[in-house]
Amino acid sequence: KCDVIGEYYQFWWRITSGGPVNYHRYPTSIVELDAATGEVHIEETNETVLGSAGHALELKSKGKYTVNLKVILIEKHQGCYQHLKNVIQTKWKNINIDEAEKPISENTSNIYLFNLDFNEAIEQVNKIDLGNSLFFFDPLRNVTYQSIEKVAKGRLITPFKTGTEFMLFIFTSD
């Protein structure tokens, strides 16, 4: 799952940013709800790989021409949020966490970290000029329709409005 998401993020960004012909100048954003920890430990193989939030940060911090890409990571669980910050400090030393946690009007990094519940986080996200956006829903158990609808109502104002994609991860034990 994580590798597929990482590849998709790069593919999506290359297209929606305008590509190399346009110098990737179009504003884009990846908004992760339930961003978790940035990495995933796989017990069976005893390896640690980037999670979806980690792939978004990797694209932003190591990609060329990503100045117009915003990465917005939202995690409500305090322990996961703290772990995410620890992973950022270890893997991406060029990302300033203090800057990423600043109020939107003071943040100049285009990386936003929110330790808020969904409704509070969406209020904050709505204050950011997102451009073409990918909203990734990856909660531990399920995605509520109300959450998707709240984002959609704020982003899809007319029937033919483009610029917003939704990615849902749904896990079943079957």
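Colleague: Buried means under 20% relative accessible area, exposed means over 50%, and partly exposed is in between (1.4 Å probe, protein chains only). Is glutamate 99 buried or exposed?

Modeller: Glutamate 99 counts as buried, at 13% relative accessibility. Please note that this is a predicted model, in which local features need pLDDT of at least 70 and side-chain atom pairs count only at pLDDT 80 or more, while totals for chains, interfaces and linings use all residues. Residues are numbered from 1 along each chain as its sequence is written, and side-chain values use heavy atoms, with hydrogens and water left out.

Colleague: Which side chain meets glutamate 99 in a salt bridge?

Modeller: Lysine 102 does, with 3.1 Å from N to O; a salt bridge requires a side-chain nitrogen of Lys or Arg within 4 Å of a carboxyl oxygen of Asp or Glu. Lysine 102 itself is partly exposed, at 34% relative accessibility.

Colleague: How many salt bridges does a search of the whole structure find?

Modeller: The search finds four. One of them joins glutamate 39 to lysine 91, whose closest N and O atoms are 3.9 Å apart. That pair links distant parts of the chain, since glutamate 39 is in strand β2 and lysine 91 is in helix α3, 52 residues apart. Helices (H or I, at least four residues) and strands (E, at least two) are DSSP runs numbered from the N terminus. Lysine 91 is partly exposed, with a relative accessible area of 39%.

Colleague: What about lysine 85 and glutamate 101, how do their side chains meet?

Modeller: They form a salt bridge at 3.2 Å, N to O. Lysine 85 belongs to helix α3 and glutamate 101 to the loop between α4 and β5, so the bridge ties together parts that are 16 residues apart in sequence. Lysine 85 is buried at 15% relative accessibility, whereas glutamate 101 is partly exposed at 32%.

Colleague: Changing topic, how many helices and strands does the protein have?

Modeller: There are six helices and seven strands. Read from the N terminus, their order is α-β-β-β-α-β-α-α-β-α-β-α-β. Of the 174 residues, 45% count as buried.

Colleague: And what does the accessible surface come to?

Modeller: About 10100 Å², of which 52% belongs to carbon and sulfur atoms; the areas come from the Shrake-Rupley method with a 1.4 Å probe, and for residues only the protein chains shown count as cover.

Colleague: Which residues have the most contacts inside the largest nonpolar core?

Modeller: Tyr9, Leu57, Leu73, Ile88 and Leu113 do, in a core of 26 residues. Such a core is a set of buried Ala, Val, Leu, Ile, Met, Phe, Trp, Tyr and Cys residues joined through side-chain atoms within 4.5 Å. A second, separate core has 16 residues, among them Leu33, Ile122, Ile128 and Leu130.

Colleague: What is tyrosine 9 in contact with, leaving aside its neighbours within four places in sequence?

Modeller: With contact meaning heavy atoms within 4.5 Å, the partners of tyrosine 9 include Ile30, His55, Leu59, Leu134 and Phe136.

Colleague: Where does tryptophan 13 lie?

Modeller: Tryptophan 13 lies in helix α1 and is buried, with a relative accessible area of 5%. Beyond its neighbours within four places in sequence, tryptophan 13 is in contact with residues including His24, Leu59, Tyr65 and Leu69.

Colleague: Is tyrosine 65 buried or exposed?

Modeller: Tyrosine 65 is exposed, with a relative accessible area of 51%, and sits in the loop between α2 and β4. Its phi is near 65°, a positive value in a residue other than glycine. Most residues other than glycine have a negative phi.

Colleague: Which other residue has a phi near 65°?

Modeller: Aspartate 34 has such a positive value, and is likewise a residue other than glycine. Aspartate 34 is found in the loop between β1 (28–33) and β2 (39–42), and is partly exposed at 25% relative accessible area.
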